Amino acid sequence: MCDVCNGHSGCPVCSKEPYYVKCPDCNGEGYLYYTEEGDDITRDAFYSSGGIKEKCPICDGEGEIIDDDDRLE
C-alpha cells in the first residue's frame with residue numbers, strides 16, 4: 001500500500017500513467033474531412049479539391065485518446 005494515498009484512487013505517486021493510442025475515428029490526424037455533400041474524404045483530397053474540415057469529436061483534435069485497456073496493471 002502506498003504511504004501517500006493509503007490505497008485511495010487518484011494518487012500522483014502510485015497511479016499508473018495513462019496510455020495513449022492513435023484515435024481510430026480520425027486515424028490520428030485530429031480532424032475529419034468531408035465533401036460538401038457530406039461524404040468522407042482523405043486529407044489530401046480535402047487540400048486538393050476543398051471541402052469541410054471538422055475537429056474530431058472523439059479525440060477533440062488531439063489525434064490520440066487514452067486507452068482504457070488495463071494492460072499496465
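All views come from a predicted model, in which local features need pLDDT of at least 70 and side-chain atom pairs count only at pLDDT 80 or more, while totals for chains, interfaces and linings use all residues. Residues are numbered from 1 along each chain as its sequence is written, and side-chain values use heavy atoms, with hydrogens and water left out.

View 1. Leaving aside neighbours within four places in sequence, K22 is in contact with N27, G28 and G63, contact meaning heavy atoms within 4.5 Å. K22 counts as exposed at 51% relative accessibility; buried means under 20% relative accessible area, exposed over 50%, and partly exposed in between, with a 1.4 Å probe and protein chains only. Strands (E, at least two residues) and helices (H or I, at least four) are DSSP runs, numbered from the N terminus.

**View 2. G63 in the loop between strand 3 (52-55) and strand 4 (64-66).** At 4% relative accessibility, G63 counts as buried. Between G63 and K22 the C-alpha to C-alpha distance is 6.1 Å, although they are 41 residues apart in sequence. Not counting residues up to four places away in sequence, G63 touches V21, K22, C23, C26, G28, E29 and G30.

**View 3. The largest nonpolar core, with its cysteines.** Six residues make up this core, namely C23, C26, L32, Y34, C56 and C59, a nonpolar core being a set of buried Ala, Val, Leu, Ile, Met, Phe, Trp, Tyr and Cys residues joined through side-chain atoms within 4.5 Å. C23 is buried, with a relative accessible area of 1%, and C56 is buried with a value of 1%. Apart from its neighbours within four places in sequence, C59 is in contact with C23, C26, G30, E64 and I65.

**View 4. Ring pairs linking Y33, F46 and Y47 into a cluster.** The structure holds three aromatic pairs, rings of Phe, Tyr and Trp (its six-membered ring) being paired if their centres lie within 6.5 Å, with planes under 30 degrees apart counted as stacked, over 60 as edge-to-face and the rest as tilted. Y33 and Y47 form a tilted pair, 6.4 Å centre to centre with 55° between the planes. Y33 lies in strand 2 (residues 31-34) and Y47 in helix 1 (residues 43-49), so the pair ties together parts that are 14 residues apart in sequence. Y33 counts as buried at 6% relative accessibility, whereas Y47 is exposed at 54%. The rings of F46 and Y47 have centres 5.1 Å apart and planes at 70°, so that pair is edge-to-face.
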